Amino acid sequence: QEEGAFAFDTEFVMEDRYEAEVCLVQLATQKCVFLVDPFLKLDLMPVWELIADETVETVVHAGQEDLAIAFRETGKVPRRVFDVQVAAGFVGLDYPISLQKLVQAVAHVRLHKSKTLTDWRKRPLSAAQLRYAADDVGFLLGIRKKLHDRLVKRGRLAWAEEEIRHFEDRTLYVRDDEEKLRRVKGMSMLIGQQLTVARHLLAWRDELARQINRPARIVMKDHLLVEIAKH
């Protein structure tokens with residue numbers, strides 16, 4: 001809060017969960033990088049609240065899923081986000097661009113990103129894992145400044161800011177029932193009463209998945225839901 005801006009990232013697992021399980025939170029200011037271990041039962045609410053703080057800028061790279069975690073915990077939309085991946089696209093760099101390529105292109109530093117598929121739930125974390133996690137946020141504020149300057153120079157800052165403001169849209173983090181229905185494979189084959197049954201099944205599947213904290217499609221596969229609705 002005192003610095004007015006910070007870099008933010010998380011390492012999370014959601015392949016076998018209904019909701020993402022946060023395994024590490026990475027924060028950085030101009031002076032320090034902080035790696036916060038949620039498994040120590042710390043109160044992370046001050047971190048999540050920062051992301052909704054209008055007086056603080058949150059700098060991320062491809063941050064939608066990380067911001068969604070903060071929204072889940074607070075019910076508040078992120079405010080004053082600066083996504084360097086979006087900004088990079090508006091200054092003529094590749095889009096989407098990986099953090100590794102972005103750091104090399106803007107900061108001229110080569111990151112050794114070898115822990116992408118690591119198990120972040122295991123403890124203790126290795127030195128290599130900690131370095132990987134720190135690199136995810138350690139360069140973001142410097143890159144943000146350079147990209148901001150390029151955007152201003154090219155007269156494209158307003159374009160980037162308009163695109164980035166989408167992160168403040170509540171619908172980005174909350175899918176309504178009709179959207180969930182459209183995402184079910186095979187739903188286009190259903191009509192009339194079948195769709196009504198499908199809606200009830202979808203609501204039941206979603207609630208059960210939430211209760212047992214497992215992905216909805218593990219509770220009931222899409223094709224089974226559709227077949228039940230048909231008959």
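Mentor: Helices here are DSSP runs of H or I with at least four residues, and strands are E runs of at least two. Keep in mind that this is a predicted model.

Trainee: How many helices and strands does the protein chain have?

Mentor: The protein chain has eleven helices and five strands.

Trainee: What makes 64-74 count by length as a helix, α2?

Mentor: A helix needs at least four residues.

Trainee: Why is A62 called partly exposed?

Mentor: Buried means under 20% relative accessible area, and exposed means over 50%. A62 has 37% relative accessibility. That value is in between, so A62 counts as partly exposed.

Trainee: Which loop holds N213?

Mentor: N213 is in the loop between α9 (193-212) and α10 (216-219). Its phi is positive too, about 55°, although N213 is not a glycine.

Trainee: Why does N213 count as partly exposed?

Mentor: Use the cut-offs again: under 20% is buried, over 50% is exposed. N213 has 29% relative accessibility. It falls in between, so the label is partly exposed.

Trainee: What is the omega of the cis peptide bond from Y95 to P96?

Mentor: Omega is near -5° for that cis bond. P96 sits in the loop between α3 (84-90) and α4 (99-106).

Trainee: And where is P124?

Mentor: P124 is in the loop between α4 and α5 (127-138). The peptide bond from R123 to P124 is cis, with omega near 0°. Most peptide bonds are trans.

Trainee: What share of the protein chain counts as buried?

Mentor: Of its 231 residues, 41% count as buried. Each of those is under 20% relative accessible area.

Trainee: What share of the contacts with a separation of 6 or more comes from residues 24 or more positions apart?

Mentor: In the protein chain, such residues account for 60% of those contacts. A contact here means heavy atoms within 4.5 Å.

Trainee: How far apart are the mean positions of the positive and negative charges?

Mentor: They are 4 Å apart, for 36 positive and 36 negative charges. Lys and Arg count as positive, Asp and Glu as negative.

How values were computed. Residues numbered from 1 in each chain as written. Predicted model: local features only at pLDDT ≥ 70, side-chain atom pairs only at ≥ 80, totals over all residues. Heavy atoms only, no water. Buried < 20%, exposed > 50% of the residue type's maximum accessible area, 1.4 Å probe, protein only. Charge placed at Lys NZ, Arg CZ, Asp CG, Glu CD.
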